[in-house]
Amino acid sequence: MSINETTIRNAVVTGASRGIGRAISVALASAGCSVIINYAGNAQAAEETASLCREAAGDKDVKILVFQADVSDEAQANALIDYAEEQLGQVDILVNNAGRTKDGLAIGMTAEDFDNVIGLNLRGTFFCCRAAAKKMIRKRWGRIINITSVVGIHGNAGQVNYSASKAGVIGLTKSLAKELAGRNVTVNAVAPGFIDTDMTAVLPEKAQEAILSGIPMKKCGRPEDVANAVRFFASEEASYITGQIIGVDGGMGM
Ligand code: NAP
C-alpha cells in the first residue's frame with residue numbers, strides 16, 4: 001500500500017533507531033515516503049534503520065536521513081522538525097514513537113523517575129506535535145500518529161509513571177485532533193499491547209509468561225504489526241479518521 005500514488009510524503013519518526021520506530025520507518029519508506037529517522041544515542045542502530053529503509057524503498061525517489069535529538073528537550077524537538085523541513089521542504093507525517101519505561105511501585109518511585117518518563121513520553125510528544133502542527137496547518141495537510149499503550153487505557157501495577165504518560169498521550173491526541181481537524185490535519189494514536197522489542201526483552205521471563213497468558217491471542221506482537229496500523233493512519237485511505245486510538249494488542253485491551 002502506498003501512502004499516496006502521486007506525491008512523495010515526508011515523514012518524521014521519533015525513536016526510530018530500534019524496535020517499533022524502526023519498523024514504522026521501513027513501512028513508510030516502502031510506501032514511498034521520505035523519512036527522517038530520529039534517535040537519541042544509538043547512531044549505529046539509526047544507520048541500520050536507514051539502510052533497511054533504502055532497501056525497502058527500492059527505486060522510489062525518496063530521501064532517508066538520520067537526525068540525533070533528545071525529543072524530551074524542547075529545543076532539540078524543535079530542531080528535529082526544522083531539520084525535516086529544511087531537508088525535505090515540508091513535514092507531512094509525524095510519528096511520535098520515542099518512549100521509555102522506568103518501572104517500580106508508586107510508593108517507592110522517585111520524583112525523578114516519574115518526571116523522566118513523563119518528560120519523554122508525554123512532553124516530548126507535545127513538543128514535536130506543536131512544532132510539526134504549525135507547519136502542517138500552513139499546508140492544509142498533515143498526519144500525526146502518536147504511539148500510546150494498552151496500559152494508558154487499562155493501567156498496570158508498577159507503571160504509574162508510564163501509564164500516566166500514555167494516558168496523557170491519548171488525551172493530547174483527542175484534543176489536538178479537535179484543534180486541527182478544520183485544517184485537514186488528522187491526529188490519531190496506536191496503542192500496542194506486548195510487542196517483541198528491547199523494551200520488553202528486559203522483563204524477567206516469569207513476567208513475560210504472565211503477560212503472554214493474559215493475551216487472548218497467546219502470543220506477543222511484532223513491531224511490524226504496529227507499523228501496519230501507523231501506515232494506515234498515514235495513508236489517503238484514513239483521510240476522514242481523526243481522534244481515534246487503535247489497539248494492536250492481540251486482544252489484550254478488550
Ligand atoms: P525500544 O525498543 O526501547 O526503542 C526506543 C527508541 O526510542 C529507540 O530508538 C531510542 O533511541 C529512542 N529514544 C529513547 N529516548 C529517546 C529520546 N529522549 N529522544 C529520542 N528518541 C529516544 O522501544 P519500543 O518497544 O520500540 O517502543 C516504541 C514505542 O512503543 C514507545 O513509545 C513505547 O512506549 C511504545 N510501546 C511499546 C510496547 C512494547 O511492548 N514494546 C508496548 C506499548 C507501547 P536510541 O536507540 O538512540 O536509544
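Q: So buried means under 20% relative accessible area, exposed over 50% and partly exposed in between, using a 1.4 Å probe and protein chains only. Where does that leave Phe 233, buried or exposed?

A: Phe 233 is buried, because its relative accessibility is 3%. Keep in mind that this is a predicted model, where local features need pLDDT of at least 70, side-chain atom pairs count only at pLDDT 80 or more, and totals for chains, interfaces and linings use all residues. Residues are numbered from 1 along each chain as its sequence is written, and side-chain values use heavy atoms, without hydrogens or water.

Q: Thanks! And Phe 232, how exposed is that one?

A: Phe 232 is partly exposed, with 30% relative accessible area.

Q: How do the rings of Phe 232 and Phe 233 sit? And how many aromatic pairs are there in the structure?

A: There are three aromatic pairs (Phe, Tyr or six-membered Trp rings with centres within 6.5 Å; stacked under 30 degrees between planes, edge-to-face over 60, tilted otherwise). One of them is Phe 67 with Tyr 83, which is stacked because the ring centres are 4.4 Å apart and the planes meet at 25°. Phe 232 and Phe 233 have ring centres 6.1 Å apart and planes at 35°, so that pair is tilted.

Q: Which parts does the Phe 67 and Tyr 83 pair tie together?

A: Phe 67 sits in strand β3 (residues 64–68) and Tyr 83 in helix α3 (residues 74–88), so the pair links parts 16 residues apart in sequence. Helices (H or I, at least four residues) and strands (E, at least two) are DSSP runs, numbered from the N terminus. Phe 67 is buried at 18% relative accessible area, and Tyr 83 is buried too, at 17%.

Q: New topic: helix α9. Which of its residues are buried?

A: The buried residues of α9 (223–234) are Pro 223, Val 226, Ala 227, Ala 229, Val 230, Arg 231, Phe 233 and Ala 234.

Q: Nice. What do they pack against?

A: Those buried residues pack against α1 (19–30), β4 (93–96), β5 (142–147), β6 (185–192) and β7 (245–248).

Q: While we're on β6, what about Asn 188, buried or exposed?

A: Asn 188 lies in strand β6 and is buried, at 0% relative accessibility.

Q: What is Asn 188 in contact with?

A: Setting aside neighbours within four places in sequence, Asn 188 is in contact (heavy atoms within 4.5 Å) with Ile 144, Ile 145, Asn 146, Thr 173, Phe 233, Ile 241, Thr 242, Gly 243 and Gln 244. Phe 233 from our opening question is among them.

How values were computed
Expected span 1.5 Å × (residues − 1).
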